[in-house]
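Here's a quick briefing to get you oriented. Have a look at the model first, then read on for a tour by topic.

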Amino acid sequence: MGRGRVEMKRIENKINRQVTFSKRRSGLLKKTNEISVLCDAEVALIVFSPNGKLFEYSTQSSMENILERYESYSYAERNLNTAYKENWTVEYPKLMARVELLQRNIRHFMGEDLDAFNLREFQGLEQQLDTALKRVRSRKNQLMHESISQLQKKEKELQERNNLISKKLKENEKKQIVQTNPGQSSTMTSLLQSPSVTNLTIGGPSQATDESQNRDGYNTLMPPWMFHHVHNKG
């Protein structure tokens with residue numbers, strides 16, 4: 001069976017405590033050497049036994065060099081922390097006073113804590129509120145104009161799209177009419193291209209007046225019943 005878990009508390013028996021110290025010290029030195037070799041780290045270990053005996057271990061550098069490096073690093077850290085604390089000690093009251101001033105101004109803008117105000121302070125507060133209100137209205141109007149411009153642009157795009165769709169629908173209707181009545185379309189085209197239609201004039205003489213009369217003196221462009229009606233009257 002495996003070894004049970006050791007409870008982390010002081011060993012009361014002096015002999016057992018000394019034996020445990022010797023075993024754990026050897027394991028600690030072994031782990032220190034392993035991390036130094038495997039990770040190329042500089043390690044310094046200092047241990048005092050319960051009896052006051054010193055045990056130490058250092059890597060390739062000497063213990064003195066590692067301790068000097070530690071002291072210089074710790075000194076720099078202590079100076080930095082000290083300077084930061086001193087700076088914070090000076091800045092903290094200033095920041096708190098500024099926060100209190102801003103909070104008081106906010107209360108004044110909300111119409112609170114105005115009992116101690118005199119006439120000049122009221123005038124200054126009113127001027128600040130008027131300036132702020134003008135800025136708010138200016139920004140609001142700018143946003144409204146931008147929104148209107150966007151809507152107008154969108155309306156124009158929709159109108160253009162609608163016109164394009166209407167044009168395509170009309171073209172499709174014409175194509176459908178031609179496909180449904182191809183004979184009627186060709187007849188209408190031939191009538192429009194006929195010489196008798198092209199030579200017809202309304203309200204004035206034509207160049208083909210002499211040619212349009214037959215041997216009986218009748219105009220061939222007029223219906224025959226009109227000629228008979230005129231001849232009977234004569």
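His108 is buried, with a relative accessible area of 12%; buried means under 20%, exposed over 50% and partly exposed in between, using a 1.4 Å probe and protein chains only. You're looking at a predicted model, where local features need pLDDT of at least 70, side-chain atom pairs count only at pLDDT 80 or more, and totals for chains, interfaces and linings use all residues. Residues are numbered from 1 along each chain as its sequence is written, and side-chain values use heavy atoms, leaving out hydrogens and water.

**Around His108**
- You'll find His108 in helix α2, residues 63-109; helices (H or I, at least four residues) and strands (E, at least two) are DSSP runs numbered from the N terminus.
- Leaving aside residues up to four places away in sequence, His108 touches Asp113, Leu114, Phe117 and Leu125, where a contact means heavy atoms within 4.5 Å.
- Asp113, one of those residues touched by His108, sits in the loop between α2 and α3.
- Asp113 is partly exposed at 48% relative accessible area, and its phi is positive, about 55 degrees, although it is not a glycine.

**The overall layout**
- The protein has 6 helices and 2 strands, and from the N terminus on the elements go α-β-β-α-α-α-α-α.
- Of its 234 residues, 7% count as buried.
- Among contacts with a separation of 6 or more, 15% come from residues 24 or more positions apart.

- Strands β1 (residues 44-48) and β2 (residues 54-58) pair in the antiparallel sense over 5 bridges; strands pair if DSSP finds at least two bridges between them.
- Phe48 has Leu54 in β2 as its bridge partner.
- Asp40 is in the loop between α1 and β1; although it is not a glycine, Asp40 has a positive phi of about 50 degrees.
- At 65% relative accessibility, Asp40 counts as exposed.

**Aromatic rings**
- A search of the whole structure turns up 2 aromatic pairs; rings of Phe, Tyr and Trp (its six-membered ring) pair if their centres lie within 6.5 Å, with planes under 30 degrees apart counted as stacked, over 60 as edge-to-face and the rest as tilted.
- Phe21 and Phe55 form a tilted pair, 6.0 Å centre to centre with 55 degrees between the planes.
- Phe21 lies in helix α1 (residues 14-39) and Phe55 in strand β2, so this pair ties together parts that are 34 residues apart in sequence.
- Phe21 is buried at 17% relative accessibility, and Phe55 is buried at 18%.
- Arg25 lies over the face of Phe55, 4.2 Å from the ring centre; the rule is NZ of Lys or CZ of Arg within 6 Å of the ring centre and within 35 degrees of the ring normal.

**The coiled-coil record**
- UniProt, in an unreviewed entry, lists residues 141-175 as "coiled-coil region"; such annotations may be inferred rather than shown by experiment.
- In the model, residues 141-175 are 100% helix and 0% strand, and their end C-alpha atoms lie 51 Å apart.

- The mean pLDDT is 77, and 73% of residues reach 70 or more; pLDDT is the predictor's confidence in each residue, from 0 to 100.
- Confidence is highest in helix α3 (residues 119-180), at a mean of 91, and lowest in helix α5 (residues 195-198), at 48.
- Residues 197-216 have pLDDT below 50, and that stretch has 11 contacts beyond near neighbours in sequence.
- Where pLDDT is low, the predicted coordinates should not be read in detail.
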